[in-house]
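User: Hi! I'm new to reading protein structures. Could you walk me through this one?

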Amino acid sequence: MTPAAPASSLLVPDARTQARNRAEARFRLYGLAAVSAAILMLAVLMGSILSNGLSAFRQSYITIPVTLDAATLDKAGTRDPSGLRQVSATAYGKLIARNLQAALAAKGIATDGLKPKDIAALLSEDAGARLRNMVLADPGLIGRTIDADLLASGRVDGFLKGRVTEESAAKDSKIKPAQLTLVSAMKGAGMIGLRLNPAFLTAPDASEKRPEAAGLGVAIIGSAYMMIVVLALSLPIGVAAAVYLEEFAPRNRFTDLIEVNISNLAAVPSIVFGILGLAAFINFAHLPRSAPLVGGLVLTLMTLPRIIIPARAALKAVPPSIRDAALGIGASRMQTVLHHVLPLAAPGILTGMIIGLAQALGETAPLLLIGMVAFVRDYPGLPPAGLADPATALPVQIYNWTQRADPAFVERASGAIIVLLVFLMLMNGAAILLRRRFERRW
Amino acid sequence: MTLPLLLLLLVILALGSFLAGRARALMVAGGDARRLHSLPAHHGLNLMLAFALPSAVALAGWLLARPAAAPGPAAMLAIPAIGLAAAASLWLTMRPESRARNEVEAAAKGFLILCSVIAIATTVGIVLSLLFETAGFFRQYPAAKFFFGTVWRPDFRGDSDLGFLPLLWGTIYVSAIALAVAVPVGLFAAVYMSEYASPRFRTFAKPAIEMLAGIPTIVYGLFALITVGPLLRDWIASPLGLGTSGASVATAGLVMGVMTIPFVSSLSDDIINAVPQSLRDGSLGLGATKSETIRQVVLPAALPGIVGAVLLAASRAIGETMIVVLGAGAAAKLSLNPFEAMTTVTVKIVSQLTGDTDFSAPETLVAFALGLTLFALTLGLNILALIIVRKYREQYE
């Protein structure tokens, strides 16, 4: 008699166990898929911004010899700066246009079917103004022939970057396919090309019609001013509030009220702070609109709770033995805190501070409400008076550019985001470094 | 005489009074600092405060009484004179046993309290500014028509329809889509991170997910506008004949969902980690697989905390502005089609308050009523979430 085969064996899982193991594997896979999905979205987001925005750091320039004709630019012949100033940017534009035609003829590039106006339209309206600034800075150039790099128009720039094509030009009132053919020929002759564009970081914003000239100069200064205001106000106030709540405050209803308030304020939507700023600082206190000062105040109120919370955590992490030792040798409570607890908590407080500042730097919505969205071309003055001059801010400038019709501004906006993200990464990197370097486990 | 000059003078006098106080303390102690109750520096600070506080009060009072004007010579002399008189009386009465340290520390503590009260002042400021202007709005526009109106058609020439319901619907619809994305992804990510992931994977993946929370919302807005919107329109909405607009509820909801993933995952992660190990050990000891343990023991135990996390994420989604401004569109509609452009409360606050605004027209003031509703809504959600989370934490402590 053969022994009956065992009904089941630990080595051979039965159907139910197999199903349970499969469910286990599936569940684990869902988890991995969720994490991967989140990381993938981060990668797609970054990829999309980089692919759209990196080209903003390069710009098309037309390089031709320009004869700075003394008869047009300095009729009096005296090189007197006030006389030179009377020659408008438009006159320079016309001069450049004539030189461009001459250069094309010299290279033997056919311009059939294109009117002089169409050839001039390859250049940005800003090219004349930039040349004028160059001449005003160095009147000795007049009468000479220089090799000038002239800003090309937004559509020509788009053509070289692949955004504008012959088909899109056929439907476009701002550029003709024949002009693009000419640009291709000029590219063959080495007269036009992409090069690094530092003006993107330094130039002010430009009007709707001149995306190629738009830059982030005013926005970067405005953001920097606001960060100065936020830092100057929220560091002392935030640290003082955290020290009081953590080291001195008695446990009573008043302290509870402050604590509940702080944790709620940290979760209030940022746009509500914008409404507060509009009502309190602009309508009630009559501070100027569009000023970095007001933006900084609003962002301070918004950032304070987000600084106080980590600052308190940093103070709490300092062990009581430090306080006991200081009190034991006769220090007062204030001396204990100022001489011993605060220095030990400083790295943690600073880390929280930098992260709070980084959040403030990227905030947009409240700034829209206090008028930072205005079109500003003039650089604000030096602080402190410059804090009240109109300016924009980096994130608001990005929003502003997304609202414009010309697709070239999408590239600008993405490029501006890259600048913003670089700043944020530097700040967060500094915070991580600070934490790694000074973090102390007790 | 100008204000900056006056300020400079006050600062110089304050520094001078610090030095004078320190020197006077040593003088009354006969050059031996050990005879003093407080350190000489405390006496110096005390004298400086005795000068600075009255001067500051005088200066503030003077500025409030006559703003805009520059201080005349009379004020130039009167303001520091008040401070100097106060400082001089302290200087004369200083003795070795004067308790300068206690006084300085009391003043410092006063400053600390003042700074903490700013939080309360901010809340009061928000509530007052919202209530004040909202009351002005309801004087011009009936509250019932605002809260129950189904048409949003502001017209700056007057006779507008300012119904709140289409905006509320858009807000809820976008937030619901966002949560439908963020809750499953965030929750599964949190479970994987806390129960399955190796420490090495965690150190890489956790900061990566949390980076999503650190990216400014304008970046997400642009992402919705130039990438997600056209993608959804060209691949889903247009082929199915559901819509032709890049800006849509689905676009904004999807992108907002990505933004809210870390809010759900981080908090859930903490809460799952707080579930006692003994519960897991008990379940595993009875023969449950890891996923059965998670689904039937860990998650139910963590449920209140997870609900709290979801509520916090919802409050973030409702208050979010830039993603919906750029991704959802501006048309106030009551529609079920997720591929149609709709609008939210925050979008309308921005559009009614930017540009040239007239603060007596109901079309502008309605933004404050919208802001108040938004504030109340998010505050309610936050408080509810905090209560739930706090209650749950107490259970295991």
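User: Which way do helix 14 and helix 16 of chain A cross, left-handed or right-handed?
Analyst: Their crossing is right-handed, meaning that the near helix is turned clockwise from the far one by less than a right angle. Helices here are DSSP runs of H or I with at least four residues, strands are runs of E with at least two, and both are numbered from the N terminus. Keep in mind that this is a predicted model, where local features need pLDDT of at least 70, side-chain atom pairs count only at pLDDT 80 or more, and totals for chains, interfaces and linings use all residues. Residues are numbered from 1 along each chain as its sequence is written, while chains are lettered from A and ligands numbered from 1 in the order in which they are written.

User: What angle do those two helices pack at?
Analyst: Helix 14 (residues 292–316) and helix 16 (residues 333–362) of chain A make an angle of about 145 degrees, and their axes are 8 Å apart. Axes are lines fitted to C-alpha atoms, for helices over the stretch in contact, and angles between N-to-C directions run from 0 to 180 degrees.

User: Which residues meet there?
Analyst: From helix 14 of chain A they include Leu299(A), Met302(A) and Arg306(A), and from helix 16 of chain A they include Val341(A), Gly348(A) and Gly352(A). Contact means C-beta atoms, placed from the backbone, within 7 Å. The residues of this contact divide into 13 nonpolar, 5 polar and 1 charged. Here Ala, Val, Leu, Ile, Met, Phe, Trp, Tyr, Cys and Pro are nonpolar, Asp, Glu, Lys and Arg are charged, and the others, Gly among them, are polar.

User: New topic: what order do the strands of the sheet in chain A have?
Analyst: The order is 2-1-3, in an open sheet of 3 strands with antiparallel pairing. Strand 2 and strand 3 of chain A are at the edges with a single partner strand each, so one side of each has no neighbour in the sheet. The twist from one strand to the next averages 40 degrees.

User: How many bridges join strand 1 to strand 2 in chain A?
Analyst: There are 7, whereas strand 1 and strand 3 of chain A pair over 5 bridges. Two strands count as paired if DSSP finds at least two bridges between them. Tyr61(A) has Leu151(A) as its bridge partner in strand 2 of chain A and Gly193(A) in strand 3 of chain A.

User: And how many residues does each chain put into the contact between A and B?
Analyst: Chain B gives 65 residues and chain A gives 66. On the side of chain B, helix 4 of chain B contributes the most, with 19 residues.

User: Where is the kink in that helix?
Analyst: The kink in helix 4 of chain B is centred on Ala119(B) and is about 30 degrees. That bend is the angle between axes fitted to the seven residues ending at a residue and the seven starting there.

Key:
Two residues are in contact if their C-beta atoms, placed from the backbone, lie within 7 Å.
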